[in-house]
Amino acid sequence: MASAGFEDTAGIGEARGLARDFLTTVQAQHGLPVSARAVDIVQLVVSELVTNARKYAPGPCLLDLEISGGAVQISVWDSSTTQPSILAADPQRIGQHGLEIVMAVSQTFCVHREPVGKRITASVVLADDSGGDMPAARPCEGRLRRPGPVGSWPGGSGGGS
């Protein structure tokens, strides 16, 4: 497991570096297969989630990376209780495509309210199958939940991370 806290936008690059280094260690020291595609996707997901947390929530954000079931669980906590708002795809819109992208490349995507703030968790498989495709998304397990249709969230909606 790897964890770090970030208090400003300069931390976004550090978060991507932490993710890359974590996956390098997972592969080198634990012998788990990690595709180059997975490394790129994990860095993208980390960048988008940490960027949103820094942009929309006051205070620091926390990043946790953990391997589970052939995937890396990327978890970002921030202090805002506002649920993320994922807009419908619109090629004319400039910006606000981050969570749309994260959901498209992740095996799971979950939002969980915490006693203070919220935690967003996405999982990315470590190795592509022989055809190069990522496995189909599956619902979250336990206390986390997967959003309904794009733009709708159980328990309300709002802007932000």
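**View 1. Burial and surface of the predicted chain.** Of the 161 residues in the protein chain, 44% count as buried (under 20% relative accessible area, with exposed meaning over 50% and partly exposed in between; 1.4 Å probe, protein chains only). This is a predicted model, in which local features need pLDDT of at least 70 and side-chain atom pairs count only at pLDDT 80 or more, while totals for chains, interfaces and linings use all residues. Residues are numbered from 1 along each chain as its sequence is written, and side-chain values use heavy atoms, with hydrogens and water left out. Carbon and sulfur atoms hold 53% of the accessible surface of about 8000 Å² (Shrake-Rupley method, 1.4 Å probe).

**View 2. The elements in order.** Here you can follow three helices and five strands (DSSP runs: H or I of at least four residues for helices, E of at least two for strands). From the N terminus on, they run β-α-α-β-β-α-β-β.

**View 3. The open sheet.** The five strands line up as β1-β2-β3-β5-β4 with antiparallel pairing (two strands pair if DSSP finds at least two bridges between them). At the edges sit β1 (2-6) and β4 (108-113), each pairing on one side only. From one strand to the next, the twist averages 15°.

**View 4. A closer look at β3 and β5.** Eight bridges join β3 (residues 71-78) to β5 (residues 118-125), and the two run antiparallel.

View 5. Helix α2 (residues 36-56) lies across β1, β2 (61-68), β3, β4 and β5, running at about 10° to β3 (axes are lines fitted to C-alpha atoms, for helices over the stretch in contact, and angles run from 0 to 180 degrees between N-to-C directions; contact means heavy atoms within 4.5 Å).
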